Amino acid sequence: MSHQGVHQRVIVGEARAWALETLSSGGLTAVRHPLGFVCLPLERDGGEGVCVHLWSDSFAHAESTTSQIHCHSWDLVSHVLYGQVRNVHAVVTDAGRDATHRVFEVVSGADGDRISPTGRTVRHATGLVEVFGPGDTYTLAADRFHSSVVPEGGEAATIALGRGRPGSRDLSLGPLGGGPHHVARQPLDARETELAVRLITAHLT
């Protein structure tokens, strides 16, 4: 199914049924994402992609080398399947000697993420905090710094639809003195992937 087809299903309220059908078809390989969730990639077509994101303490978390505050090179549509997700906007201001973070560029490939410091140093403050629950859908334009937060000890899953925006970059706030480095993505083994699918489908049936 195309990205537009999935988007339409989200709009008309058929996201749960589609997710259940797709997850049950098998053949998935989940990965630990440095932003704190398990990612199950479902579809990829050029600059468009669809994934299910799962936050659960049932899995070890990948360690982030920068921070949870980031912005995408793509426009996001996120549909909450279950649980609660807070979309926390960050107000990022360029700063010099009083800077607290450096902006890093993240370039993702098949072997992981190449993370490079830029010359931009900043401060940030918490902006709008949006709270979404089961059945809610929200959007976030490319180039907007934010973090996705699930209550401590809580569990949540979303369908994330991304559409690349030409000229935009994936960025993350990190330590001022951080250098360039590479982070390999950590695939879940077959048992853990099966557990992730089981946890999600149990909430959808």
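**The second largest pocket**

Modeller: Fourteen residues line the second largest pocket, and nearest its centre lie Gly36, Trp55, His61, Val150 and Pro151. (A pocket is an open set of points on a 1 Å grid over the protein atoms alone where a 1.4 Å probe fits, with protein on both sides within 12 Å along at least five of seven lines; lining residues have an atom within 4 Å of a point.) The model is predicted: local features need pLDDT of at least 70 and side-chain atom pairs pLDDT 80 or more, whereas totals for chains, interfaces and linings use all residues. Numbering starts from 1 along each chain as its sequence is written, and side-chain values use heavy atoms, without hydrogens or water.

This second pocket has a volume of about 250 Å³, and its lining comprises five nonpolar, seven polar (Gly counted here) and two charged residues. The largest pocket holds about 1100 Å³ of space. Its 50 lining residues include His33, Trp74, Ser108, Asp170 and Arg185, the closest to its centre. That lining divides into 20 nonpolar, 21 polar and nine charged residues.

Trp55, one of the residues nearest the centre of the second pocket, falls within strand β3 (residues 48–55). Strand β3 pairs antiparallel with β2 (residues 38–45) over seven bridges (strands are DSSP E runs of at least two residues; pairing needs at least two bridges). Within this pairing, Arg44 has Gly49 in β3 as its bridge partner. Both strands belong to an open, antiparallel sheet of seven strands, ordered β9-β5-β11-β3-β2-β1-β14. Strands β9 (137–140) and β14 (186–187) each have a single partner strand, so one side of each has no neighbour in the sheet.

Key: Helices (H or I, at least four residues) and strands (E, at least two) are DSSP runs, numbered from the N terminus. Grid points are joined across faces, edges and corners, and a volume is the space filled by probe spheres set on the points.
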